[in-house]
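Please read this briefing alongside the sequence and the model.

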Amino acid sequence: MTHSRKIVKISPGLAASDGAGVKLTRYIGAPDIDMLDPFLLLDRFASDNPDDYLGGFPEHPHRGFETVTYILAGRMRHKDNAGHEGVINPGDVQWMTAGRGIIHSEMPEQTDGLLEGFQLWVNLAAQDKMTAPAYHEYPAAAIPEENHDQYVTVKVISGQTDHGTKGAVTAASDNPLFLDVTLKAGGSFHQSIPADHNGFIMVIDGVVQADGAGPELGARELGILGDGDYVTLTSKGGDSRFLVIAGRRLNEPVARSGPFVMNTKDQVMQAYQDYRTGKF
Ligand code: FE
């Protein structure tokens, strides 16, 4: 039996500020969508006003999950206390496993112009939360691109498409599906998403519909996918571009406070203590 997923909830996101005053829109990790197991947070930043991003995200810790940064415009510099440093440019992906603890900064590598991108937090299973921290950069040129027909172009960042293309990211704990799809008007995109996964669509441009029916998802809207094992997406009225993101549910208790996401409150308190006492 196969069952087509429909969009069951739409969120326009919530205006928020994080780091040293970076203006962003929070879609997951906000009152509207607290979390979507295994996804803990999704932020979109997009501004050509330097006042909205210049402060960046100075040194801060993380423990217990992975952060994925995907840049559409502009440049960001990452630096961490495990000795990793690098600049990501448009189309590049940064995949960081915080694991047992990392302290990093994420700063814009520009003083004017447009800075646009996404940051996603992917939870780690209890058994992986205290794994060694890791950092990987995937330049745009290393991300496989799939062209199904004259309508569909897919950048395969992580996971595997129905056409068999494997994503650039292989270092993640459970390699969630992370696709950047460009769909010309009149085309449709079909992708398997196993029933034990949660998934969502984040529209960058245009209007998208799932399952040939139901609500239409507009630019800068996030749509949560309901139950099923595949999704079929069509572009309504013009071309569209959207992210398709899905991951296996962990079904574990979540205790979170700021930059630490663990399974119990005690583990979160321990994270604060370890950070304060220089154990990261
Ligand atoms: Fe961070």
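Predicted model: local features only at pLDDT ≥ 70, side-chain atom pairs only at ≥ 80, totals over all residues.

Residues are numbered from 1 along each chain as its sequence is written, and side-chain values use heavy atoms, with hydrogens and water left out.

**Largest pocket**

- The largest pocket has a volume of about 340 Å³; a pocket here is an open set of points on a 1 Å grid over the protein atoms alone, where a 1.4 Å probe fits, with protein on both sides within 12 Å along at least five of seven lines, and lining residues have an atom within 4 Å of a point.
- Its lining comprises 20 residues, of which Asp18, Arg26, Leu41, His62 and Trp121 are the closest to the centre.
- Two or more lining residues come from each of strands S3 (22–28), S4 (39–47), S5 (57–62) and S11 (115–123), with S5 giving the most, five residues; strands (E, at least two residues) and helices (H or I, at least four) are DSSP runs numbered from the N terminus.

**Second largest pocket**

- The second largest pocket has a volume of about 150 Å³.
- Among the 14 residues that line this second pocket, Gln160, Leu177, Ser192, Pro194 and His197 are the closest to its centre.
- Strands S16 (188–192) and S22 (240–248) are the elements that give two or more residues to the lining of the second largest pocket.

**Salt bridges**

- The structure holds 11 salt bridges, each being a side-chain nitrogen of Lys or Arg within 4 Å of a carboxyl oxygen of Asp or Glu.
- Arg26 pairs with Asp43, their closest N and O atoms being 2.7 Å apart, and because Arg26 lies in strand S3 and Asp43 in strand S4, the pair ties together parts that are 17 residues apart in sequence.
- Both Arg26 and Asp43 are buried (under 20% relative accessible area, with exposed over 50% and partly exposed in between, using a 1.4 Å probe and protein chains only), and Asp18, Arg26 and Asp43 are linked in a network of salt bridges.
- Asp274 and Arg63 meet in a salt bridge at 3.1 Å, N to O; Asp274 lies in helix H1 (residues 265–276) and Arg63 in the loop between S5 and strand S6 (65–73), so the pair ties together parts that are 211 residues apart in sequence.
- Arg248 forms a salt bridge with Asp196, with the closest N and O atoms 3.2 Å apart; Arg248 counts as partly exposed at 38% relative accessibility, and Asp196 counts as partly exposed at 34%.

Technical notes: Points joined across faces, edges and corners; volume = space filled by probe spheres on them.
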